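Please read the points below beside the sequence and the model. They go through the strands first, then the packing, the cavities and a few single residues.

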Amino acid sequence: MIKLIVTDMDGTLLNDEKKIDESFWEVHKKITDLGIKFVVASGRQYFNIIKNFERLDKNIIVLAENGAIIMEDEKELYSKPLKREDAIELLKIGRTLPTANLIFCGKKKAYLEDGNPKLIKEVEKYYTKFEIVEDLTKVDDEALKITICDLVGAEENSYKGYKDYYDKFKVSVSGEIWMDITDKNINKGIALESLQNKLGIGRSETMVFGDYLNDYELLKQADYSFAMDNAHPELKKIANYNGVNNNEAGVVKSIKKYVLGE
């Protein structure tokens with residue numbers, strides 16, 4: 001029996017227009033009435049995620065910043081920020097990469113140095129609270145992760161600039177123009193495992209949906225693992241279920257089929 005449902009947002013629960021299908025709200029009520037926990041697991045900022053679910057009266061757990069923090073009803077359940085000296089080192093490396101736009105993702109808000117309109121347009125999609133500052137290395141906040149927005153392609157550009165850090169940190173490509181760097185022992189899968197242990201829920205009772213490489217470990221934490229049609233090829237290889245379309249309310253339809261029997 002499914003007791004925990006976990007979904008990524010972009011390219012997964014959200015369609016390509018960044019919207020949640022209207023059918024989701026009724027399904028959420030049904031699973032909540034059954035006592036099933038619902039979790040949103042995203043690389044997005046907590047404040048941004050929760051804004052998308054304002055229609056819900058609580059009954060949502062948020063695994064934000066690619067697993068660096070878990071929140072429920074404004075209460076912090078878990079967090080593992082970067083050491084400050086590591087965050088500063090990662091920022092300095094990013095400054096040497098010509099296409100890297102750096103974002104310091106803090107607990108209070110996100111911070112960036114560049115007010116380029118194209119960059120701000122992308123940032124506003126995923127960060128509700130952010131501030132433009134003169135120097136990211138002097139920000140007075142804990143760094144949950146360092147994010148790079150690479151407008152010409154993250155996997156082929158900025159990601160390669162951190163090749164000497166792959167073993168020391170978790171460096172994840174989370175979208176075409178996005179990459180995230182967290183503590184080595186942080187990813188969506190590790191955070192989900194912590195939550196599963198806290199709730200006493202196993203992999204056989206967990207359903208997970210994802211589409212990109214930052215969802216890789218997440219899918220490994222559930223027997224009911226779904227890769228979206230638009231998913232990265234490496235994700236499709238490990239998913240137990242495929243053929244789920246984010247533009248056709250695939251997450252909702254899968255919950256109806258495998259959980260609600262509709």
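**Notes on the predicted model**

1. Six strands form an open sheet with mixed pairing, in the order E8-E7-E6-E9-E11-E10. At its edges stand strand E8 (130-132) and strand E10 (169-175), each of which pairs on one side only, and from one strand to the next the twist averages 25 degrees. Strands (E, at least two residues) and helices (H or I, at least four) are DSSP runs numbered from the N terminus, and two strands pair if DSSP finds at least two bridges between them. The model is a predicted one, in which local features need pLDDT of at least 70 and side-chain atom pairs count only at pLDDT 80 or more, while totals for chains, interfaces and linings use all residues. Residues are numbered from 1 along each chain as its sequence is written, and side-chain values use heavy atoms, with hydrogens and water left out.

2. At the E10 end of this order, E10 pairs with strand E11 (residues 178-183) in the antiparallel sense, over six bridges. Within this pair of strands, Val 171 stands opposite Ile 181 of E11.

3. Helix H5 (residues 117-126) lies across E6, strand E7 (110-112), E8, E9 and E11, and runs at about 155 degrees to E8. Contact here means heavy atoms within 4.5 Å, and the angles, which run from 0 to 180 degrees, are taken between N-to-C directions of axes fitted to C-alpha atoms, for helices over the stretch in contact.

4. Thr 7 belongs to strand E1 and counts as buried, at 0% relative accessibility. Not counting residues up to four places away in sequence, Thr 7 touches Thr 12, Leu 13, Phe 38, Val 39, Val 40, Ala 41, Phe 209 and Val 251.

5. Which residues have the most contacts inside the largest nonpolar core? They are Ile 5, Val 6, Phe 24, Phe 38, Phe 53 and Ile 255, in a core of 54 residues. With residues up to four places away in sequence left out, Ile 5 touches Ile 31, Ile 36, Lys 37, Phe 38, Val 39, Met 207, Phe 209, Ile 255 and Val 259. A nonpolar core is a set of buried Ala, Val, Leu, Ile, Met, Phe, Trp, Tyr and Cys residues joined through side-chain atoms within 4.5 Å.

6. A cavity is a set of points on a 1 Å grid, over the protein atoms alone, where a 1.4 Å probe fits but cannot get out, and its lining residues have an atom within 4 Å of a point; points are joined across faces, edges and corners, and the volume is the space filled by probe spheres set on them. The largest cavity is lined by Asn 66, Lys 170, Ser 172, Asp 180, Thr 182, Ile 186, Asn 187, Lys 188 and Asn 214, with E10 and E11 each supplying at least two residues of the lining.

7. Asn 66 is also worth checking for its backbone: its phi is near 60 degrees, a positive value in a residue other than glycine. Asn 66 is placed in the loop between E3 and strand E4 (69-72) and, at 4% relative accessibility, counts as buried. Asn 59 likewise has a positive phi, near 55 degrees, in the loop between helix H3 (46-52) and E3, but counts as partly exposed at 45% relative accessibility.

Conventions:
Buried means under 20% relative accessible area, exposed over 50%, partly exposed in between (1.4 Å probe, protein chains only). On a 1 Å grid over the protein atoms alone, a cavity is a set of points where a 1.4 Å probe fits but cannot get out, and a pocket is an open set with protein on both sides within 12 Å along at least five of seven lines; lining residues have an atom within 4 Å of a point.
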